[in-house]
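Work through the exercises below with the model open in your viewer. Try each task before reading its solution.

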Amino acid sequence: TLFEAGYQATSATMALERAMFKRDTVMVSLFLKNGAEGNVVLEKALKTNDADLIDLAITEGGAIPNLNVFKKTVDSRKYTLAEKFLDDPMSDIDPTEAMDYAILKNVQSLVAKTLALGGNSQTALNYAIKRRDPDLANDAITMYNADPNLVLEEVINTNQTQLADYIITPENCSEALTYSINSSNKIMIGKAIGAGATTTADHVSQMAAAGKDDILRILIESDGQGNPNDGLGPAIDASKYRTAQYLVQAGAKATYDHVRKVAAAGNDELLKTLIEEGDGDPNDGLGAAIDASKYRTAQYLVQAGAVATSDYVGKAAATGNDELLKTLIQNGGGDPNDGLSAAISASQFKTAEYLVQAGATATSDHVSRVAGVGNIVLLKVLIEEGQGDPNDGLGGAIAASKSSAAEYLIQAGATASATHVKQVATAGNKELKKMLLEEGQGDANDGLAAALGASQFSMAEFLIKKGAQPDGVVKIAVEQQQMSLLLTA
């Protein structure tokens with residue numbers, strides 16, 4: 001051949017280019033073996049992205065592999081060849097830069113290779129997490145000192161349980177537990193606790209407020225050592241009543257605030273658990289239940305031992321809830337006297353009747369107010385059963401023009417005073433006036449001046465006929481042209 005005859009390959013530039021253009025690897029190899037410049041071949045091969053010619057330029061032409069060579073090889077999917085260039089003792093390829101490109105092209109084998117050659121272990125670990133590759137992750141951590149803490153949250157949030165054993169350590173288990181709780185990941189919670197994590201009050205509180213009973217069981221009943229008391233308040237505040245029941249059954253103790261809030265919500269089932277299993281005091285909830293109109297709950301609390309105060313009896317009476325009132329008095333030791341004024345003020349007259357029948361004693365104020373509204377049925381109960389004085393109501397009945405009530409009171413024994421007689425005379429109520437005079441022992445003289453002053457002339461006639469002295473009546477009758485009154489006088 002020409003080469004055997006001493007022809008220099010370096011002088012055959014056009015022939016070499018032609019061979020490269022035709023991708024004639026045999027001819028290019030011949031040129032390289034006979035002195036052609038490997039870097040020249042490499043430069044041309046890189047432009048045409050010809051991996052085979054790149055390989056010849058390096059292996060037979062002595063060209064030095066660089067990052068650009070590595071990238072072209074990867075682009076041609078010649079991954080074995082790329083590894084070969086990485087291993088070349090003369091390679092000028094930076095492992096970390098090569099790793100970045102391998103990750104960009106998602107070539108897992110080359111990421112592992114560059115890691116072994118000194119590439120950035122943290123970058124490799126991040127890639128392993130995204131690819132869910134436990135072997136690569138383990139190598140990056142155990143062999144090349146990647147920091148597992150930097151990927152801990154991502155591993156937990158993406159539920160990579162296979163990687164957890166490499167990532168969760170005794171050093172970071174507390175953080176792992178917090179991340180696992182935030183993502184409600186039961187498996188990861190167990191692994192964190194298994195690595196030595198201890199449950200905090202915040203952990204229990206967070207899961208209780210979310211109503212995560214299954215996770216709470218892990219935190220409390222496993223080696224997590226969680227305290228159920230830390231979750232009871234948050235569970236109640238978040239209306240997670242089933243969770244609250246579990247926490248009490250797990251050992252939580254009910255406080256005043258717990259009982260009060262549950263009573264106000266009217267949750268009798270949980271309230272029963274708080275009192276019977278959580279040592280709650282039924283007295284703590286009675287006021288809240290009544291204020292929130294949870295009367296069935298209030299009844300339960302009394303039956304569970306709550307004592308009725310004057311305030312509770314008064315509030316129940318004002319709402320007219322006779323059933324609750326009966327429970328407060330009969331079971332809770334409530335005093336019926338504490339509710340009578342409230343019932344009358346709120347016009348809860350049936351309730352007032354019950355309270356008197358239960359033992360309440362009528363005061364002058366009670367009789368006066370009921371007489372003023374003309375409720376004869378209740379008035380009768382106050383006087384006949386509640387020891388009320390009919391005299392206390394007569395003025396109120398007359399002032400409010402409640403004739404029937406005034407009549408009843410006189411019949412019950414009320415005595416008419418001068419003031420009463422004047423009031424009736426001024427109003428001109430003959431029927432009531434007659435009763436005051438005949439049955440209430442009133443004096444007709446007490447009303448005559450008042451009747452004349454109010455121009456109640458027929459009333460004045462009536463009073464004169466009932467014995468009033470007609471002093472000065474003649475003059476008034478003449479002035480007012482009241483002939484009938486004049487004749488009567």
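Accessible areas come from the Shrake-Rupley method with a 1.4 Å probe, and for residues only the protein chains shown count as cover. The model is predicted: local features need pLDDT of at least 70, side-chain atom pairs count only at pLDDT 80 or more, and totals for chains, interfaces and linings use all residues. Residues are numbered from 1 along each chain as its sequence is written, and side-chain values use heavy atoms, with hydrogens and water left out.

**Exercise 1. The whole chain**

Describe the surface, the burial and the secondary structure of the chain.

Step 1. The accessible surface is about 23100 Å². Carbon and sulfur atoms hold 45% of that surface.

Step 2. Buried means under 20% relative accessible area, exposed over 50%, and partly exposed in between (1.4 Å probe, protein chains only). Of 489 residues, 46% are buried.

Step 3. Helices (H or I, at least four residues) and strands (E, at least two) are DSSP runs, numbered from the N terminus. The chain has 36 helices and 0 strands.

Step 4. Contact means heavy atoms within 4.5 Å. Take the contacts between residues at least 6 apart in sequence: 59% of them join residues at least 24 apart.

**Exercise 2. Two long-range pairs**

Which residue sits 8.4 Å from E277, C-alpha to C-alpha, at 26 residues along the chain?

Step 1. With 42% relative accessibility, E277 is partly exposed.

Step 2. The residue is G251.

Step 3. List the contacts of E277, leaving aside neighbours within four places in sequence: V248, Q249, K253 and K272.

Step 4. S364 belongs to helix α27 (residues 364-373). Its relative accessible area of 43% makes S364 partly exposed. S364 and N391 are 27 residues apart in sequence, and their C-alpha atoms are 8.6 Å apart.

**Exercise 3. Backbone angles**

Step 1. Recall the background: most residues other than glycine have a negative phi.

Step 2. R132 is not glycine, yet its phi is near 55°. R132 lies in the loop between α9 (121-131) and α10 (134-142). R132 is partly exposed, at 46% relative accessibility.

Step 3. S184 also has a positive phi, near 55°. The loop between α13 (173-182) and α14 (186-194) holds S184. S184 is partly exposed at 28%.

**Exercise 4. Buried positions in helices**

Is T73 buried or exposed? What covers the buried residues of α23?

Step 1. T73 lies in helix α5 (residues 67-75). T73 is buried, because its relative accessible area is 0%.

Step 2. Beyond four places in sequence, T73 is in contact with K78, L81, A82 and F85.

Step 3. Helix α23 (residues 310-319) has Y312, V313, G314, A316 and A317 buried. Their cover includes α21 (283-291), α24 (322-330), α25 (337-345) and α26 (349-357).
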